[in-house]
Amino acid sequence: MEIFSDLVMGLSYAVTPINLAYLLIGAMVGMIVGVIPGFGPSAGLAILLPLTFGMDPIGAIMMLAAIYYGSMYGGTITSILLNTPGESATVASTFDGYPLAKKGRAGPALVMQAVASFVGGTVGVILITILAPMFSQVSRSFGPPEYFLLAMMGMLTLLVMIGSNWKLGVISALIGFALGTVGVDLETGQSRYTFGSAELIGGIYFIPIAIGLFGLGELFYAFYSQIHKSASGSLVEYGREQRFWPTAQDFLSTRWTMVRGSILGFVVGVIPGAGATIASLMAYSTERSLSKTPENFGQGEMAGLVAPETANNAASSGAMIPLLTLGIPGSASTAVLLAAFLLWGLRPGPLFMEQNPELAWGMIASMYLGNIILLAINIFAIPLFVQIIKVPYRILGPCVVVICLLGTFTVHASFVETWLMFAAGVVGFFMRLYGFSPAALVLALVLGPLAEEALRQTLTISRGSFGIFLDRPASLWIIGVTIALVVLLPLMGRIGAGAGRAEKAGG
């Protein structure tokens, strides 16, 4: 009953006219961000985060969260119509989504992906409502040693997911940690790596770095890889098929697919570092292995579209649990969301839901409403998003640059941060080009100062002894879970990669 009363309280905050307006704006923007090939939730959140400065925290967090999970909806539209995933989490949706469109079933495919996304997102939010308070209760005994280990767990699991390029991932993370040391040492009061600049005394702010790496960096890479050409050439005219709505058989044949994809996606999403991409690929592989006609996958099988769609939306919901209850961002997108919390002086963690119930439950309640809004938008605004796909990059590119510039400058009116943003954009392009990880850099920049503070507090408590990490039961549990994740996540990644190879072989 307490959970129900908390949810009702959250709804009372979420249904105010201004917050509903923010939610609607976030859902629309998230869809648009997802539709634009080459971008994704991390880029959209990084670019638009400064625009929420000065807003009410509840409305701002609702809007940013809607952009995050809304982009999962929008990214599939290009996967179906263009065979171009809007972002990595919708790669698996191209396997059967585009073949369905080529068969003249683009309309049913778009509607089914909307329904599957709604089911996955809603199941994920229901599980958040039930499990988040339990996670919060368990983690209340955590102290500085546990916070340090949690920060390291978030980094290690992400680095493991980078796979064969783990060395480049480590270098990316070290760069982020190095940037996090710039500023004043709070313990000694000494300036570190400021090079005489008064504007760097407060440290390097995460917003210009995130905007540069994900906003400008993604834009530069899109031009270099010629995504801008593919985004306007191979559009499938969704109106040519005989019927727009799916058949009853489409729903009946995929009803258990939605259940399996939702549960699998949520479980994978809770694991820091796994994320929606792995969840969607694993769901696709699972459905293909369970199917009586696996040879149809890759040829336009509806279950091959529904499975990854439910999984990636459930995973985006599941990722909210470690973010809210442990303060661990398991991906680049949730790292930007963590940065948004820090922007308003909020610290997600074990006490967050108790100390800020209106924010935590307001956001959870808004996700129920957001999924309903996105379902309606996704079905009835398909013609609008088809037109957005046709916008040429020669128009889109300058608009993104201007938004990045204004978004960075308006936070602190700092020319230094503006130049840092442009420099980060160039660095982000080369990181993408040579296989480095912008996500690892941003995670390290966000987590580095928090981990440093926790480590110093831990060593002060233990008088310089690292044995404290082995003396506390909670620390031992975290170490054990981290080792298990480091061992298991590469296996999960191979399963997901196997689904991609199987699809190519089948096709």
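**Note on the predicted model: burial, cores and voids**

1. Ala43 is buried, with a relative accessible area of 1%; buried denotes under 20% relative accessible area, exposed over 50%, and partly exposed the range in between, with a 1.4 Å probe and protein chains only. The residue belongs to helix α3 (residues 41-48), where helices (H or I, at least four residues) and strands (E, at least two) are DSSP runs numbered from the N terminus. Beyond its neighbours within four places in sequence, Ala43 is in contact with Phe214 and Glu218, contact being defined as heavy atoms within 4.5 Å. Ala43 and Ser333 stand 290 residues apart in sequence, yet their C-alpha atoms are 8.1 Å apart in space.

2. On the basis of the analysis: the model is predicted, so that local features need pLDDT of at least 70 and side-chain atom pairs count only at pLDDT 80 or more, while totals for chains, interfaces and linings use all residues. Residues are numbered from 1 along each chain as its sequence is written, and side-chain values use heavy atoms, with hydrogens and water left out.

3. Overall composition. The protein has 24 helices and 2 strands. Of its 507 residues, 56% count as buried. Among contacts with a separation of 6 or more, 81% join residues 24 or more positions apart.

4. Nonpolar cores. The largest nonpolar core contains 107 residues, and Leu49, Leu64, Ile128, Met320, Phe341, Trp344 and Ile364 touch the most other members. A nonpolar core is here a set of buried Ala, Val, Leu, Ile, Met, Phe, Trp, Tyr and Cys residues joined through side-chain atoms within 4.5 Å. Helix α4 (residues 57-81) gives the most to this core, with 15 residues. Apart from this core lies another, of 16 residues, including Ala151, Ile271, Phe469 and Ala474. In soluble globular proteins, nonpolar side chains tend to be buried together.

5. Surroundings of Ile128. With neighbours within four places in sequence left aside, Ile128 is in contact with Pro133, Phe266, Ser317, Met320, Ile321, Ile364 and Met367. Of these partners, Met320 and Ile364 are also listed with Ile128 among the residues that touch the most other members of the largest core.

6. The structure holds 1 cavity of 30 Å³ or more, and the largest cavity comprises about 120 Å³ of space. Of the 13 residues that line the largest cavity, Tyr147, Leu326, Gly327, Arg347 and Leu450 are the closest to its centre. The elements that give two or more residues to this lining are α7 (144-161) and α22 (438-462), and α22 gives the most, with 4 residues. By class, the lining divides into 11 nonpolar, 1 polar and 1 charged; Ala, Val, Leu, Ile, Met, Phe, Trp, Tyr, Cys and Pro count as nonpolar, Asp, Glu, Lys and Arg as charged, and the others, Gly among them, as polar.

7. Criteria for voids. On a 1 Å grid over the protein atoms alone, a cavity is a set of points where a 1.4 Å probe fits but cannot get out, whereas a pocket is an open set with protein on both sides within 12 Å along at least five of seven lines; lining residues have an atom within 4 Å of a point. Grid points are joined across faces, edges and corners, and a volume is the space filled by probe spheres set on the points.

8. Second largest pocket. This pocket has a volume of about 740 Å³. Its lining has 26 residues, of which Gly180, Leu186, Pro449, Leu450 and Glu452 lie nearest its centre. Two or more residues come from each of α8 (166-180), β1 (183-184) and α22, and α22 gives the most, with 9 residues. The lining divides into 13 nonpolar, 7 polar and 6 charged.

9. Tyr193 has a positive phi of about 55° although it is not a glycine; Tyr193 lies in the loop between β2 (191-192) and α9 (206-224) and is exposed, at 55% relative accessible area. Arg463, likewise not a glycine, has a positive phi near 60°. Arg463 lies in the loop between α22 and α23 (468-471) and is exposed, at 81%.
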